[in-house]
Amino acid sequence: MIYLKTPEEIEKMRKACALVSQTLGEIAKWVAPGVTTNRIESIAREFIHDNGGKAACLGYGGFPAAVCYEVNEIVVHGFPSNYTLREGDIIGTDTVVELDGYNGDMCYTFPVGEVSEELLTLCRTTKESLYKGIEQCREGKRIGDIANAVQTYCEHRGYSVVREMCGHGIGRKMHESPEVPNYGRRGTGPVIKNGMCICIEPMINLGSRNVVIERDGWTCRTKDRKPSAHYEHTIAVINGEPEILTSFEPVAEVLKDRFI
C-alpha cells in the first residue's frame, strides 16, 4: 500500500533530508586518497549522532554500518573496511538518516583525487539520468515513466542499468511502497499522486548490467568487475510537481571544481 504524506509529514521529512544532505557534505571532506572507509564510517556516525539524528541503515536487517560504501565495481550495500581509497577510485556513499520519526535517503558518487574521463562521464551520465527521472515524477504520470526516462537516457549513451536493485517509497520507514525501478515501460506501474514520497536512485554500470551478491549476503557488485555509479534523491510530489527534499549543495560546497 502506498502511503501519501500530509504537508505536516513532508515538513518532518524535509528536516531529515536536510540532515542527510549535511551528512554527505561532511563525508565529502574526508573522501581522499589514503583514507579508509572505516574512517569515513566513524565520521558519518558521529556527525549524525551529534546532530540529533539516527543512522537508519545501522542494524537494518543486520546491516553493520551507517553508510553503504560503493567503491568502483561495488553497486550498493558495501561494508566499511580497512580499504584505503586510491587515486582514481570512485566511491558512492548511500545513507539514510532518521529524524523525529521520518527518514531522508541520499547517495552521491565521489571521485577520489584525479579520476579518468571515462569514469567522470559515467558519473555525470548517471547523475543526469537521476534528474531525467525526477522530471517524470508528476501527478498523473506513472512510476514506469520515471523508470523509462532513466533507462533510455543511460542506454542510449552505451551504459547498462542494474535491474536487481531499485528506488522505493520512503517516510516513517526507510523502504515503503512503491518500488521505483530504473528500467521499464512508459505508462506502466502505480499512478503518481500528490503526497507521494519516493527515492529515485539510478545504479548504472560501465560494462554489463549483470551483478552478483558477495558471500556476506549484502555487497552487490558488477559481475564483470567494471565500475558502477549511483546517485539518489528523496522526492515529494507537491501540487502536482516533484520537489527534491535532499540536496547535493553541501557536497558541491566542499568539492567545488571537483563536483561532478
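I count a disulfide as a pair of cysteine sulfur atoms within 2.5 Å. The structure is a predicted model, so I take local features at pLDDT of at least 70 and side-chain atom pairs at pLDDT 80 or more, while totals for chains, interfaces and linings use all residues. Residues are numbered from 1 along each chain as its sequence is written, and side-chain values use heavy atoms, with hydrogens and water left out.

**Cysteines**

I looked for disulfides by that rule and the count came to zero. Cys-57 is in none; its nearest cysteine sulfur belongs to Cys-68, 4.8 Å away. I then looked up accessibility, where buried is under 20% relative accessible area, exposed is over 50%, and partly exposed is in between (1.4 Å probe, protein chains only). Cys-57 is buried at 7%.

**Thr-109**

I found Thr-109 in strand 5, residues 102–111. Strands here are DSSP runs (E, at least two residues), numbered from the N terminus. Thr-109 is buried, at 2% relative accessible area. For contacts I used heavy atoms within 4.5 Å. Leaving out residues up to four places away in sequence, Thr-109 touches Ile-90, Ile-91, Gly-92, Cys-123, Ala-229, His-230, Tyr-231 and Ile-260. With His-230 I also noted a distance: a polar atom of the Thr-109 side chain lies 2.7 Å from the backbone oxygen of His-230.

**Lys-173**

I placed Lys-173 in the loop between strand 7 and strand 8. Lys-173 is exposed, with 58% relative accessible area. I checked Lys-173 against Asn-103: they are 70 residues apart in sequence, yet 6.8 Å apart in space, C-alpha to C-alpha.

**Largest pocket**

I took a pocket as an open set of points on a 1 Å grid over the protein atoms alone, where a 1.4 Å probe fits and protein lies on both sides within 12 Å along at least five of seven lines; lining residues have an atom within 4 Å of a point. Volume is the space filled by probe spheres set on the points, which are joined across faces, edges and corners. The largest pocket holds about 390 Å³. Which residues lie nearest its centre? They are His-77, Cys-166, His-168, His-175 and Glu-201, out of 22 lining residues. I read the lining as 11 nonpolar, four polar and seven charged. At least two lining residues come from each of strand 4 (90–99), strand 7 (167–169) and strand 8 (176–180). In this grouping Ala, Val, Leu, Ile, Met, Phe, Trp, Tyr, Cys and Pro are nonpolar, Asp, Glu, Lys and Arg charged, and the others, Gly among them, polar.

Definitions and conventions
Helices (H or I, at least four residues) and strands (E, at least two) are DSSP runs, numbered from the N terminus. A polar contact is a pair of N or O atoms within 3.5 Å; within protein, one must be able to donate a hydrogen and the other to accept it, and residues adjacent in sequence count only if both atoms are side-chain atoms.
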